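Please read this briefing alongside the sequence and the model shown below.

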Amino acid sequence: MNHLVSPSLLAADFGNLANDVKLINKSVADWIHCDIMDGVFVPNISFGFPVIADVKKIARKPLDVHLMIVDPDRYLARWKETGADILTVQYEACTHLHRTVTEIRNLGMKAGVAVNPHTPVSLLKNILPYIDLVLIMTVNPGFGGQSFIMESYNKIAELRKMIDNGRNKVLIQVDGGVDTKNARRLVETGVNVLVAGNTIFSSKDPLGTIRKLKKLG
Ligand code: DX5
Ligand code: ZN
């Protein structure tokens, strides 16, 4: 399949958020990545329900919501009401992951599981049949603009093999330090969805940068 691009709103201009959502609407991007941080699971706080509800009113692409919060089970139904289409929880924040992802699917959303850089993808073997997406964190979660962790290529390749061998229908997403230089190698290693924040919104031509990430050059 052709890979997807999911621009991260964390790097958008919060004073003119609507402008950046409209920019994504008219771009060749596929999803809109929304990073939810609670100041506990990660050492940063981003935005929450009211902001994403307003984004949903103008968004013309699916909302790809990445929860970097403790105890995500408390809020799954609220994220559905708020407009999440894909809901990703952190592996490290879930004691009963199977229950959590089953609930996400029962609510009518696609279920994703994110793994921090230190979490081996082999731990996902038994959850793959129950999810739609694995998000490999390619930086430590919490902030945009950090550098890509090179060991991530091995994790992507290992997960690609696990998914293909098990004939699972699971997308591989990468998040953190993705740019127009590493995008091609990431896709060639097996990535299906590229998240990118600073690369897009700090560039002079965000629409052109999204196009480069989509066309790989
Ligand atoms: C980091 C977030 C990322 C972030 C990526 O904790 O999960 O989605 O927005 O930002 P860049 O692309 O700037 O590394
Ligand atoms: Zn993210």
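Are His33 and Asp175 buried or exposed? His33 is buried, and Asp175 is buried as well, where buried means under 20% relative accessible area, exposed over 50% and partly exposed in between, with a 1.4 Å probe and protein chains only.

This is a predicted model, in which local features need pLDDT of at least 70 and side-chain atom pairs count only at pLDDT 80 or more, whereas totals for chains, interfaces and linings use all residues. Residues are numbered from 1 along each chain as its sequence is written, chains are lettered from A and ligands numbered from 1 in the order in which they are written, and side-chain values use heavy atoms, with hydrogens and water left out.

- Because His33 lies in strand β2 (residues 32–37) and Asp175 in strand β7 (residues 171–175), the pair ties together parts that are 142 residues apart in sequence; strands (E, at least two residues) and helices (H or I, at least four) are DSSP runs, numbered from the N terminus.

**Ligand 1**

- Ligand 1 is surrounded by 20 residues, the closest being Ser8, Asp35, Gly142, Asp175 and Gly197, with a residue counted as near if one of its heavy atoms lies within 4 Å.
- An oxygen atom of ligand 1 lies 2.8 Å from a side-chain N or O atom of Ser8, and an oxygen atom of the ligand is 3.4 Å from a side-chain N or O atom of His66.
- A polar backbone atom of Gly142 is 2.7 Å from an oxygen atom of ligand 1.

**Nonpolar cores**

- The largest nonpolar core holds 60 residues, and those with the most contacts inside it are Leu9, Val65, Trp79, Leu87, Ile136, Leu159 and Leu186; such a core is a set of buried Ala, Val, Leu, Ile, Met, Phe, Trp, Tyr and Cys residues joined through side-chain atoms within 4.5 Å.
- Helix α5 (residues 152–165) supplies the largest share of this core, five residues.
- A second, separate core has nine residues, among them Leu4, Ala114, Leu133 and Val139.

**Individual residues**

- Met37 lies in strand β2 and is buried, with a relative accessible area of 5%; leaving aside neighbours within four places in sequence, its contacts (heavy atoms within 4.5 Å) include Leu10, Met68, Gly142 and Phe143.
- The C-alpha atoms of Met37 and His66 are 8.7 Å apart, although 29 residues separate the two along the chain.
- Met109 sits in the loop between α4 (97–106) and β5 (110–115) and is buried, with a relative accessible area of 5%.
- Thr209 lies in helix α8 and is buried at a relative accessible area of 9%; apart from neighbours within four places in sequence, Thr209 is in contact with Thr180, Thr199, Ile200 and Ser203.

Methods:
A polar contact is a pair of N or O atoms within 3.5 Å; within protein, one must be able to donate a hydrogen and the other to accept it, and residues adjacent in sequence count only if both atoms are side-chain atoms.
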